[in-house]
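Please read the numbered points beside the sequence and the model.

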Amino acid sequence: MYHRLRRDGLLESVPLSNRFIDNPLKYYNQNYKGLTRGELKKEDPSLYHRLRRDGLLESVPTKNKK
């Protein structure tokens with residue numbers, strides 16, 4: 001369904017989730033702080049893509065600190 005809406009240029013008419021609409025980085029820090037980008041992409045793909053789209057993905061680590 002998502003891909004069909006995207007292909008047809010209709011994604012803009014689908015409402016966004018309010019879960020992290022105002023501050024996705026704050027949501028990440030409250031709920032997933034410490035997860036790497038790869039882990040976040042598996043755990044919460046929509047948040048990962050939102051951070052990427054908003055140019056905030058660089059705030060998410062690429063590797064776990066030991």
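1. A residue is called buried under 20% relative accessible area, exposed over 50%, and partly exposed in between, with a 1.4 Å probe and protein chains only. By this rule R7 counts as exposed, because its relative accessibility is 61%.

2. The model is predicted: local features need pLDDT of at least 70, side-chain atom pairs count only at pLDDT 80 or more, and totals for chains, interfaces and linings use all residues. Residues are numbered from 1 along each chain as its sequence is written, and side-chain values use heavy atoms, with hydrogens and water left out.

3. Confidence is given as pLDDT, the predictor's confidence in each residue, from 0 to 100. The protein chain has a mean pLDDT of 87, and 94% of its residues reach 70 or more. Among the elements of the chain, the lowest mean, 85, belongs to helix α1 (residues 2-7), and the highest, 95, to helix α3 (residues 37-43). Where pLDDT is low, the predicted coordinates should not be read in detail.

4. The protein chain contains four helices and zero strands, arranged along the sequence as α-α-α-α. Helices (H or I, at least four residues) and strands (E, at least two) are DSSP runs, numbered from the N terminus. The C-alpha trace spans about 45 × 20 × 20 Å along its principal axes.

5. Of the 66 residues in the protein chain, 21% are buried. The chain exposes about 5400 Å², and carbon and sulfur atoms supply 49% of that area. Accessible areas come from the Shrake-Rupley method with a 1.4 Å probe; for residues, only the protein chains shown count as cover.

6. Which residues make up the largest nonpolar core? This core has 10 residues in all: F20, Y27, Y28, Y32, L40, L47, Y48, L51, L57 and V60. The elements that give two or more residues to it are α2 (24-31) and α4 (45-53), and α4 supplies the largest share, three residues. A nonpolar core is a set of buried Ala, Val, Leu, Ile, Met, Phe, Trp, Tyr and Cys residues joined through side-chain atoms within 4.5 Å.

7. Contact means heavy atoms within 4.5 Å. Not counting residues up to four places away in sequence, Y48 touches R37, L40, K41 and L57. Among contacts in the chain with a separation of 6 or more, 46% are between residues 24 or more positions apart.

8. R50 is found in helix α4 and is buried, because its relative accessible area is 12%. Leaving aside neighbours within four places in sequence, R50 is in contact with F20, I21 and P24.

9. How many salt bridges does a search of the whole structure find? There are four, where a salt bridge is a side-chain nitrogen of Lys or Arg within 4 Å of a carboxyl oxygen of Asp or Glu. Side chains of opposite charge can pair when their charged atoms come close.

10. D54 forms a salt bridge with R50, the closest N and O atoms being 2.7 Å apart, and another with R53, at 3.6 Å. D54 is partly exposed, with a relative accessible area of 33%, while R53 is exposed at 55%. Elsewhere, salt bridges that share partners join R4, R7 and D8 into one network.

11. D8 counts as partly exposed, because its relative accessibility is 38%.
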